[in-house]
Amino acid sequence: MEVTLQHLTKRFPASGKKGKDVIAVNDFNVVIPDGKLIGLLGPSGCGKSTALNLLSGLLKPTSGKIFFGDDDVTNLPAENRGVGLVFQNYALYPHLTVKQNITFPLENRKGKDKLTKQQMSDMALEAAKLVQLEGLMDRKPSELSGGQQQRVAIARALVKMPRILLLDEPLSNLDARLRLQTREELRRIQRETGITTIFVTHDQEEAMSISDLIIVMKDGIIHQIDLPQAVYDSPVDLFVAKFLGTPPINVFEGYVKGEKLYIGEEAVLDVPGVVDQPVTATIRPEGFVLAENGALTCNLNRVEVMGRDISVVSTHPLCENESIRSIISAENIAQITGDKVRFDLKEDKVFLFHKETEQRIEF
Amino acid sequence: MDFEKIERAARRRKLVMNIITYVLLSVWAVIVLFPFYWMVLTSVKGYGAYNSEWIPQMYTLSPTLQNYVEAFTAVPLGGYFTNTVIFTVITTALMLIVTVLAAFAFSRLHFRGKELSFTLFLSLMMIPTELVVITNYVTITNMDMRNTFAGLILPSVTSVFYIYLLKENFAQIPDELYYAAKVDGTSDLKYLLKVMIPICKPTIITITILKVIECWNSYVWPRLVTDDQAYFLVSNGIQEIRENGFGRENIPAMMAAVVVISLPLIVLFLLFRKKIMEGVSRGGTKG
Amino acid sequence: MENNNRKGWLYLLPAIAFLGLFMVYPLIDVFLYSFEEGYNFASQTYLGIGGYNYGYVLHDPYFLQALKNTFILVIITVPVSTGLALLISVGLSSIKKVRELYQTIFFLPYVTNTLAVGLVFMILFKQTPYTDGLANLILSWFNAGPVDFIDGPYWAKMFVLCLYTVWIVMPFKVLILTSALASVDEIYYNAAKVDGTSKFRIFTKITLPMISPTLFYLIITGFIGAFKAYSDAVALFGVDLNAAEMNTIVGYIYDMLYGNSGGYPSYASAAAIILFAIVLTITCINLLVSKKHVHY
């Protein structure tokens, strides 16, 4: 099911008398293609859960429209939308068994859609198999581990063959090891069912690793919609550049003069076609190359060995970050001596942003 | 799927549910409030006017306060009132002292037999008053304390439940505070008065209010140990008025007395609404 | 340590003194009384030990009347008040506007004097030479009555007693149920809504099971409270409840102890222990049932 959002806006009235209205979702215009896994990524409090609740129908938008395929579902209550929703803490009914939890949505059907006990049982078993839970059907949620509860929640959302599947921070309540495993599981389940799936997360790695498409948002505004690699390799603005990547991108104050990028006195990169102006220059950690006569000189702090790679930690007066991190192949460790370190920069790992608008300057 | 239709049906359903809900709540509100309205209304109707109403009137055009004067002069309502205030104040104060000391011992002090005695205390919570009232009646009679305040008050002082409630609250105060005070040379009693009681003030206020309500409305025990009108509490007073006062037919004066008796607690409730409701939901039961 | 031991007991002393004298001692004593035959209140002597007091009470028509009244009262008021309280609490929880006002109003009967408001109920329902009373006025609109609810037929008196009892116990139940309903996490309702669950099904399949522990608590305390009914009956029908055929078990106990028919603490004790046994049995049955039906 293709999902289209048109000028979707949600405004919460101010809580106090003097407070300002909060715009949790601000003028969303998105077309989410059918059958894909979409990651809605942003820092906490950026309105991504609100966006999800607008899609589920639990919240009503202030303005704008939502389409599932060609159907306008904007004012349709949650009951009639036919979405599957997995809550952050799963919301499993504690008094029902796994099987009863999974069949719960099916029992709601009325009239000609009504199912027999056998049909429900079969569908529940099928959904349980999909999430590999078929052996635990008679347990209560309190007798399951976090990961198992998560699977029950997914099975419950899938069993009714939802038009779209929504997941709110699906992995945040799991420990690190389970998170990796469940991530793959999610991907597999989505592939097998082919249901358009939107999941909310604040974890960039999670979003990058399994999404077909990433929507990056902040303060209610969509910053970028792109393929995972594209979001990393070609951020549209400073926020996206800073938000994605570990270790974080290194941010410098610089300026362009005569189609050259200057950081301080040093001309560090050719930037053809860019007019003279002050800029914010950002460099990915892997964008540094050790060079004896490198263009950028930094004060060496220390070297952290990480096996295959080494991480050179240095400082520069014009760098916004506390320290510059650069990832360099371990073979080059011998070149680092003294208290200075000099780098050349890889052109495709450097992004320039307009000083005021923070928009990307292409070169 | 016709979305328009589904939307409209959903809206209509919601509206209907809302109307039903408000009607239901309002009907019950009327049932709750009506006796209060009727009592106030009747209390301002004139004696003659009330008795000439074959069909009860829902309002009166000539309200009078004569009944209130009557209520205080024809029967010793003022006396009942004073008695109840004395009874309530002394009982509540004694209860507070006993409860605070016991809760302190159970929560803060260490002594041999504490666990066992606390368990015994808790098991007393299950004993219905009806079981012990008989012997208490005999005891008070034998001690010649019928028709005395001591006889009224002493058996009404302790409530195991309040000790339990306060002990739980005291136990939440971190031990570090106690040791800090000890290091500074504070005595146990001073620590109790200056630290624990102020910290647990909300609970203490709650149990005070609950006890006041209980005292103000108590009927059974006062009826057993008093037959001298000079020691009647309001509940017994109102029963006495019903049986013998005013001549049975002066209902407006009776209602005036009822209003006067009900008013203090209603005012108290309106002032401490949140505290009282919170206290009751933490485990108070009526009676 | 020795010092601390003494101190602990010192702080406990007032509580122990009060409880010992007015609770523990009477508790033991009431059992003894109930077996002392032919106890004479004036001389405080008795003839022998045995079960005669129980036999007497169980054959006393007044006690049987009181037993019957109490059982009818319990069987009617506990389900009615619990059901009604549930209905009202659900209504209260589903509204936002003026909710506090309703809550305040609904709680009012809790803080009123049972005896005092009972008088109001009495005049609302009583038939006198001067008026049939308001209740009969309403009945007359439906071409019924007049009935004297206070001095009239048994069913009418029982009706008023049940009505007043429900009126009195509602505030507590509504309060407890409202806070139980509020403690159900809204996320379950959202989950159910997304799955297209109807309001009714949400209520029966999610809300009810989730508040079932509170519901059973209310039913148990409701049974206990209703079995001990007394002052509401006095408020409506006066102190001579035997004459009004409206006595309750507790009323019987007090009548045996005090007043015109009083002076028999042995009979009162036997009746009190019978009452205690009944309440204990019912509570145990309730607990057994709730074990089966309360799921978590």
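Select A:Gly194 first: this residue follows helix 6 of chain A and has a positive phi, near 70°. Helices (H or I, at least four residues) and strands (E, at least two) are DSSP runs, numbered from the N terminus. The model is predicted, so local features need pLDDT of at least 70 and side-chain atom pairs count only at pLDDT 80 or more, while totals for chains, interfaces and linings use all residues. Residues are numbered from 1 along each chain as its sequence is written, and chains are lettered from A and ligands numbered from 1 in the order in which they are written.

Next, select residues 176-193 of chain A, which form helix 6. Colour A:Thr182, A:Leu186, A:Ile189 and A:Gln190, the buried residues of this helix. A residue is buried if 20 or more other C-beta atoms lie within 10 Å of its own and exposed if 12 or fewer, with C-beta atoms placed from the backbone.

Now show what covers the buried residues of helix 6: the cover includes strand 3 (37-41), helix 4 (117-130) and helix 5 (146-158) of chain A. Contact requires C-beta atoms, placed from the backbone, within 7 Å.

Move to chain B, which has 15 helices and zero strands. Along its principal axes, the C-alpha trace of chain B spans about 80 × 75 × 35 Å. Buried residues make up 39% of its 287 residues.

Methods
The expected span of a helix is 1.5 Å times one less than its number of residues. Two residues are in contact if their C-beta atoms, placed from the backbone, lie within 7 Å.
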